[in-house]
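Dear colleague,

Please find the structure below, together with its sequence.

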Amino acid sequence: YSKSHHNTKYIDIFKKCHLQLILTPFDTGPKTLCESLHYRVPFLASRNSAAPEFIDMLGNCGKVIDIDPYIDSMEKYRSIDPMNNKRYYDKELDYEQILASARNIIDNFGEYTSWKWNEKLNYELQARKWIDVLKGNK
């Protein structure tokens, strides 16, 4: 994360947003969804992100859209190579599906922002996990 992501301008963007779109074939910045949750901004994301896990832990906090092949192993990641494979740069997206999903979130905004932190996902638990990662414990 660059220093520019931690200034008030960046925070103001999240506070003014109603929806975060993460349509990358493979999300390499999983903290982005955590930031979205912190500001209670529902997300629309590819299933190759932390989105399915967050929805499983919190409930209706965003939506997963099926726009890319599912990557569930390093072997599959290497074979698909979404970050370097040119076929993803000019790929046709299913805009109807994306817009319908976005409209569903906006039309039901209260449902997508009424979830609560719980024993599966909360600030303390996330902090402990990151400390373990930084210390090399996991």
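**Salt bridges in the predicted model**

Across the whole structure, the search finds three salt bridges. Please bear in mind that the model is predicted.

One of them joins the side chains of R47 and D66, with an N to O distance of 3.2 Å. R47 is located in the loop between β2 (43-46) and α3 (51-58), and D66 in the loop between β3 (62-65) and α4 (74-80); the pair therefore ties together parts that are 19 residues apart in sequence. R47 is partly exposed, at 27% relative accessibility, and D66 is likewise partly exposed, at 47%.

The closest N and O atoms of R103 and D107 are 3.0 Å apart. R103 has a relative accessible area of 56% and is exposed, because the cut-off for that class is over 50%. D107, at 49% relative accessibility, counts as partly exposed.

Helix α7 (residues 123-135) holds both R128 and E124, again four residues apart and about one turn of the helix. Their side chains form a salt bridge with an N to O distance of 2.7 Å. Here E124 is exposed, with a relative accessible area of 53%, whereas R128 is partly exposed, at 46%.

With kind regards

Terms used. Residues numbered from 1 in each chain as written. Predicted model: local features only at pLDDT ≥ 70, side-chain atom pairs only at ≥ 80, totals over all residues. Heavy atoms only, no water. Salt bridge = Lys/Arg side-chain N within 4 Å of Asp/Glu carboxyl O. Helix = DSSP H or I, 4+ residues; strand = E, 2+ residues; numbered from the N terminus. Buried < 20%, exposed > 50% of the residue type's maximum accessible area, 1.4 Å probe, protein only.
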